[in-house]
Amino acid sequence: MREKIIEQKLVTAVKKHGEICPKYVSPGFDGMPDRLVLLPHGRFAFVEVKAPGEKPRPLQLARHRLLSRLGFRVYVLDSEEQIGGIIDAVQST
């Protein structure tokens, strides 16, 4: 399954819950995660979407560590089966 398909499935799953999952673009600050998962009551997380078995590049990992140090949740999604767990984890924070 291609990264684009997994990303579309994430967006669709989040929308089914009535929430939003916008594409995150950060000009001039490369390596940021692909999507934001925005849920009610200020709950949100960053999601890096990858093709199955692919891993984040070193710059992406550095950005993930930075965001985590700042207290933000960052998930790497490379399988459709992970989507529900990510949504549940964000909802429970």
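## Helices, salt bridges and aromatic contacts in a predicted model

Glu-7 is buried, with a relative accessible area of 10%; buried means under 20% relative accessible area, exposed over 50%, and partly exposed in between, with a 1.4 Å probe and protein chains only. The structure is a predicted model, in which local features need pLDDT of at least 70 and side-chain atom pairs count only at pLDDT 80 or more, while totals for chains, interfaces and linings use all residues. Residues are numbered from 1 along each chain as its sequence is written, and side-chain values use heavy atoms, with hydrogens and water left out.

Glu-7 takes part in a salt bridge with Lys-23, where the closest N and O atoms are 3.1 Å apart; a salt bridge is a side-chain nitrogen of Lys or Arg within 4 Å of a carboxyl oxygen of Asp or Glu. This pair links distant parts of the chain, with Glu-7 in helix α1 and Lys-23 in the loop between α1 and β1, 16 residues apart. Helices (H or I, at least four residues) and strands (E, at least two) are DSSP runs, numbered from the N terminus. Lys-23 is partly exposed, at a relative accessible area of 45%. Glu-7 also forms a salt bridge with Arg-35, the closest N and O atoms being 2.8 Å apart. Here too the pair links distant parts of the chain, Glu-7 lying in helix α1 and Arg-35 in strand β1, 28 residues apart. Arg-35 is buried, with a relative accessible area of 14%.

Another of them joins the side chains of Lys-9 and Glu-80, at 3.8 Å from N to O. Lys-9 lies in helix α1 and Glu-80 in the loop between β3 and α3, so the pair ties together parts that are 71 residues apart in sequence. Lys-9 counts as partly exposed at 32% relative accessibility, and Glu-80 counts as partly exposed at 36%.

Helix α1 itself covers residues 3-16; at 1.5 Å a residue its 14 residues should span 20 Å, and its end C-alpha atoms are 20 Å apart, which agrees. The expected span is 1.5 Å times one less than the number of residues in the helix. Within α1, the residues Ile-6, Glu-7, Leu-10, Val-11, Ala-13 and Val-14 are buried. Seen down the axis of α1, its buried residues fall within an arc of 165°, so they line one face of the helix; the arc is that of the directions from the helix axis to the C-beta atoms. An α-helix has 3.6 residues a turn, so residues three or four places apart point the same way. The buried residues of α1 pack against β1 (35-39), β2 (43-49), β3 (74-77) and α3 (83-91), contact meaning heavy atoms within 4.5 Å. The face of α1 turned away from its buried side carries the exposed residues Lys-4, Lys-15 and Lys-16. Just after α1, Gly-18 takes a positive phi of about 85°.

In strand β1 lies Leu-39, which is buried at a relative accessible area of 9%. Leaving aside its neighbours within four places in sequence, Leu-39 is in contact with Glu-19, Ile-87, Val-90 and Gln-91.

In α2, Gln-60, Arg-63, His-64 and Leu-67 are buried. These residues cover an arc of only 100° around the axis, which puts them on the same side of α2. What covers the buried residues of α2 includes β2 and β3, whereas Pro-58 and Arg-69 are exposed on the other side of the helix.

The aromatic residues complete the picture. The structure holds four aromatic pairs; rings of Phe, Tyr and Trp (its six-membered ring) pair if their centres lie within 6.5 Å, and planes under 30 degrees apart count as stacked, over 60 as edge-to-face and the rest as tilted. In one of them, the rings of Phe-44 and Phe-46 have their centres 6.1 Å apart and their planes at 70°, so the pair is edge-to-face. Phe-46 counts as buried at 7% relative accessibility. Phe-46 and Phe-72 also form an edge-to-face pair, 5.9 Å centre to centre with 90° between the planes. Tyr-24, Phe-44, Phe-46 and Phe-72 form one aromatic cluster.
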